[in-house]
Amino acid sequence: MPSSPKRVVLGVSGSIAAYKAADLASRLVKSGVEVFPILTADAARFVQPATFRALTHHPCPIDVFEEPYPGEIAHIWLARNCDLFAIVPASMNVIARLANGLAEDMLTAAAMACTAPILLAPGMNTGMWNNPATQANLAKLRDYGYFFIEPTSGRLACRTEGVGRMADVETIFAAIHEMLARQDSWRGIKVLVTAGPTREPLDPVRYLSNRSSGKMGYALAEAARLRGAEVTLVSGPTALAAPGGVEVVHVETAAQMRDAVLLRSNSADIVFAAAAVADYRPSEIAAQKIKKALGDSSLELTPNDDILALLGSRKLPGQRLVGFAAETEDLLASARRKLDDKQLDWIVANDVTAEGAGFDGDTNIVTLLGRGGEEIALPLLTKREVAERILETVQENVNRDAPPSDN
Ligand code: CTP
């Protein structure tokens, strides 16, 4: 049965590069993609909605109260019915509105209601690009999970040279197709991710915990989701927003995390254990706030179950287990020991003392160790890029180990 065409919402905002969006729309349609255009009012001063209607055979709304889709609320319908939302070009103004939740026209309202990946191709004058407000808004949007095709340097329409020129249509076209293709690569695969710290209560106001931000696990969950996997994220307390389309189970203690994971692990094809699970909990939880006493005090601790080791001991045929080893010394030797002891397929080793690596930042430096003796050292990357590389590595491994298909 032929698969239904991929659907892309193409949002066009007010930048001189808007005219290039018509070429992009045309190429996407010719390549078999169904394109739903939206213009901002400013974009419509550069290019005509009629151009996009003719090229895509779909309405090209501007105002959020236009209702061109019979029986539907247009911005919600567009948000829900696309595989990818591309904003080409993304002006300084649209970037600012998306970063600050201002849904005042069809483009921003639909984008903000959308749970599909959103890809922005910024295009603007160098001064506007370098403006601290733009840079702060871009950082916010990266944090919110938006994707970018960076602008290039070159001669701009305003007769200046510098960064801000929108990437070539060819590059944007290729990036859109790559993202669409990737969406199916893990279709049908069930992924379970643990993330964040656990909190082990001591009394009604205190707990033992650690510095884990949860960013690595959330990035893995999001990356697996973008490949089309069915993802469950069992998360300790974090300040992070749930990635779109991912089932999130919130837990607090290691015991709750163990129970939530064991309940779901039998149906998981791949488990990524990125959580920094507390190895111990206070042996007793005081019913009342513990009062300070004079002199030294000590705390009795009881070991928690090692969730990943439990999964390793009951691993199902074909299931993949990926663990993390946060170390401060003997990085690779300790990580490999954990790989063996916990019967893992891969372990992601990181030296949490290295600059740019570790718990709370946006970047990480890791080495992937495989049960077949593989050792893949990655450079300093964002946690999102690390997540992509981990998934690529596990995917190659899954393909390599897959039994030959009989059809
Ligand atoms: N892990 C787990 N349950 C625990 C402890 C750890 O599932 N109770 C998982 C983590 O999610 C991680 C891996 O095991 O994927 C390694 O955790 P780490 O704390 O670095 O290793 P430990 O085995 O606890 O060893 P140590 O603390 O001695 O370094």
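**A walk through the predicted model**

I will start at the surface, where Ile16, Tyr19 and Phe46 make a nonpolar patch of about 320 Å². Please keep in mind throughout that this is a predicted model.

Let me turn to a helix with buried residues. In helix α5, which runs over residues 92-99, Val94, Ile95, Arg97, Leu98 and Ala99 are buried, and what covers them includes β3 (84-90), α6 (106-113), β4 (118-122) and α8 (132-144). Just after α5 comes Gly101, which takes a positive phi of about 70 degrees.

Now to the ligand, which is surrounded by 13 residues, the closest being Ala273, Ala275, Phe324, Lys338 and Lys342. If we look at individual atoms, a nitrogen of the ligand lies 3.5 Å from a polar side-chain atom of Asp306, while an oxygen atom of the ligand is 2.9 Å from a polar backbone atom of Leu308, and an oxygen atom of the ligand is 2.8 Å from an N or O atom in the side chain of Lys342. The ligand on its own has 570 Å² of accessible area, and the protein covers 76% of that.

What does the side chain of Gln319 reach? Gln319 sits in the loop between α12 (307-313) and β16 (320-327), it is buried with a relative accessible area of 6%, and its side chain reaches the backbone oxygen of Ser265 at 2.8 Å. Leaving aside neighbours within four places in sequence, the contacts of Gln319 are Ser265, Ala268, Asp269, Val271 and Asp345.

Asp345 pairs with Arg371, with their closest N and O atoms 2.8 Å apart; because Asp345 lies in the loop between α13 (331-341) and β17 (346-351), and Arg371 in the loop between β19 (366-370) and β20 (375-377), the pair ties together parts that are 26 residues apart in sequence. Asp345 is itself buried, at 3% relative accessible area.

A further salt bridge joins the side chains of Arg258 and Asp305, again at 2.8 Å from N to O, and since Arg258 lies in helix α11 (residues 254-265) and Asp305 in the loop between β15 (301-303) and α12, this pair ties together parts 47 residues apart in sequence. Finally, Glu178, Arg182, Arg227 and Glu388 are linked in a network of salt bridges.

Key: Residues are numbered from 1 along each chain as its sequence is written. This is a predicted model: local features need pLDDT of at least 70, side-chain atom pairs count only at pLDDT 80 or more; totals for chains, interfaces and linings use all residues. Side-chain values use heavy atoms; hydrogens and water are left out. Patches are made of residues with over 30% relative accessible area and no salt bridge: like charges are joined within 9 Å, nonpolar side chains (Val, Leu, Ile, Met, Phe, Trp, Tyr) within 5 Å. Accessible areas come from the Shrake-Rupley method with a 1.4 Å probe; for residues, only the protein chains shown count as cover. A salt bridge is a side-chain nitrogen of Lys or Arg within 4 Å of a carboxyl oxygen of Asp or Glu. Buried means under 20% relative accessible area, exposed over 50%, partly exposed in between (1.4 Å probe, protein chains only). Helices (H or I, at least four residues) and strands (E, at least two) are DSSP runs, numbered from the N terminus. Contact means heavy atoms within 4.5 Å. A residue is near a molecule or strand if one of its heavy atoms lies within 4 Å of it. A polar contact is a pair of N or O atoms within 3.5 Å; within protein, one must be able to donate a hydrogen and the other to accept it, and residues adjacent in sequence count only if both atoms are side-chain atoms.
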